[in-house]
Amino acid sequence: MSPHKEAAHSSGQVLPFRESLMATLGICFVIMLVALDQTIVGTALPTIVAELKGFDLYAWVATSYLLTSVITVPIFGRLGDYFGRKPFLIASIIIFVVASMLCGMANSMLFLVLARGLQGIGGGMLVGTAFASAADLFPDPHIRLRWQIILSAAYGIATSIGPSLGGFLTQSLGWRWTFYVNLPVGLISLFFAMRYIPHIRHIKHEGKIRLDWFGAVLITIALGSLQLLVEMLPKRGLTIGMAVLLVASIAAFYALWKWERHVEQPILPFEMVKDPALSSLFLLSILAGFSMFSMLMYSPLLFQGGFGMSPREAGLLITPLVACITVASIVNGRVVTRIPNPNMMMYVGFALIAISCLGIVLSQRGTSTAFMLTAMLAGGFGLGLVLPNLTVFAQQAASREHLGIATALLQSLRMIGGMLGTAVTGTLVTQMYGSGVQRALESDHAAQWMAEFKDPEILVNHDIQSTLLAQMLQAGHNGSALLDAARDALVGAIHMGIALAIVSALIGLWMVRRVPLIRFSNKAKVEPVMSE
């Protein structure tokens, strides 16, 4: 090894300062690509559904992305350990950009759901490689946390402007531009990834690497069946098809556990689960994802459909939630290594998430903007303390050869939590909203209008509202009062879903005590293999 590399590595980073800065900027643009898409689409989604129709697929716009992401994250996180992350990072950017173009070209909800699934493949590859790339560049946790401020700022910029930009683009240029905006960011990401991010491998093998394709297939079957079961069971009940999905998921998980224990190069090394620190962090990631995605996906619908706000107003209200994630992440990076008990930051984070969800549940149409902004601020600070610490703690607890899969599995499990959160909340919204509207219409002897009211899209699309109100007035019904009743039904349904997010956050608060005290001492380093 050259003296230059020795000096760079001994200082806690594998590259000199300038190269480290350019590589970090490359990771920043990749993170911005994913973060921007996560926040911008949620604000535009009610308008998308109103134009393309098909509210029954509302949740699937999010869950199809999550489904494919949750499958690809652990697979490519592990492959990155073996082959290095740079090739997969480049491929993922290309897939993500192409899928974004397809999403913008969608002419039906089904097409959009399928395109979002493809986008999720690219997003899963990005998440599975980008976050572990930072740990590759900066093995020392103290050095990494200093550079983590730049990554947190990039994530924060993207998430901060996402909701407002989504509202602006939706009203000014149309919702399709909420997907097309990924193109310039993706091209910049591609340039930096190809030019500046080094190709680093941590696992050395004398012979040929045998890919664990059977393990990858089992992961796909297990997680895919679980997602379909969670999404469809509340709507269809316990049918033969649902029983098949349940059996397939359980059988695939069991087969995966048996197979990975004996395969020479497992894609999912189960010995990580035996580590009390990693297993606790994995569970906390699921709980954090449940609360986070419930808020991000259904707060815009609450504000627009339930409270009658415009997309721009809703976007401005959501902005503090995502902006404060950055502020709290920066504060966390400066504090967490300097306090005797770093785990305390997780306690504070989950408590703030629970308070934020409670604030959303208590909000009504007449609630002051200041109160709702405060709730959003609390949620942002809470997530900003929980999310980066989950990643940093897991990277500190995992061995170098398991760095990629541990980081990726953490992200994947957060997506599983989000998948469960959006699916459960979506089911509650569909069922409770439909029942509430039906009761309101029947009380006014207007049950014949159920077809027009069955989807909450009527509460978002003001053009359709005007036409419907005129028709109902002509038929002798008070359409405005029925619309208000529909809004009340939607608000109650979303409140019930967010109440489950409160429970999830409180369980997380209680479970933090199971995480062993994390120490930020320097570990013995394993020299990475630098490839051209």
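This is a predicted model: local features need pLDDT of at least 70, side-chain atom pairs count only at pLDDT 80 or more; totals for chains, interfaces and linings use all residues.
Visitor: How many helices and strands are there in the protein, and what makes a stretch count as one?

Guide: The protein has 18 helices and 2 strands. Residues are numbered from 1 along each chain as its sequence is written, and side-chain values use heavy atoms, with hydrogens and water left out.

Visitor: Why is serine 356 called buried?

Guide: Serine 356 has a relative accessible area of 0%. Buried means under 20% (exposed is over 50%, partly exposed in between, with a 1.4 Å probe and protein chains only), so serine 356 is buried. Serine 356 lies in helix α13, residues 344-362. Beyond its neighbours within four places in sequence, serine 356 contacts Met295, Ala375, Met376, Ala378 and Gly379, a contact being heavy atoms within 4.5 Å.

Visitor: What makes proline 311 buried or exposed?

Guide: Proline 311 is at 13% relative accessibility, and therefore counts as buried. Proline 311 belongs to helix α12, which covers residues 311-335. Outside four places in sequence, proline 311 is in contact with Thr43, Thr47, Gly167, Gln171 and Gln304. Threonine 43 is 268 residues from proline 311 in sequence, yet the C-alpha atoms of the two are 6.5 Å apart.

Visitor: What share of the residues in the protein is buried, and what share of the contacts joins residues 24 or more positions apart?

Guide: Of the 532 residues, 60% are buried. Among contacts with a separation of 6 or more, 85% join residues 24 or more positions apart.

Visitor: How do you know how many disulfides there are?

Guide: A disulfide is a pair of cysteine sulfur atoms within 2.5 Å. By this rule the count is 0.

Visitor: What makes a set of residues a nonpolar core, and which members touch the most others in the largest?

Guide: The members are buried Ala, Val, Leu, Ile, Met, Phe, Trp, Tyr and Cys residues joined through side-chain atoms within 4.5 Å. The largest nonpolar core has 154 residues, of which Ile48, Leu112, Leu284, Phe303 and Phe453 touch the most other members. Helix α2 (residues 17-52) gives the most to this core, with 17 residues. Leaving out neighbours within four places in sequence, isoleucine 48 is in contact with Lys53, Met109, Leu112, Trp175 and Phe179.

Visitor: What is called a pocket, and what volume does the largest pocket have?

Guide: On a 1 Å grid over the protein atoms alone, a pocket is an open set of points where a 1.4 Å probe fits, with protein on both sides within 12 Å along at least five of seven lines. The largest pocket has a volume of about 440 Å³, taken as the space filled by probe spheres set on points joined across faces, edges and corners.

Visitor: Which residues and helices line the largest pocket?

Guide: The lining has 18 residues, each with an atom within 4 Å of a point. Phe253, Leu268, Val273, Leu409 and Leu413 lie nearest the centre. Helices α9 (213-236), α10 (240-262), α11 (276-306) and α15 (403-443) each supply at least two lining residues, and α15 gives the most, with 5.

Conventions. Helices (H or I, at least four residues) and strands (E, at least two) are DSSP runs, numbered from the N terminus.
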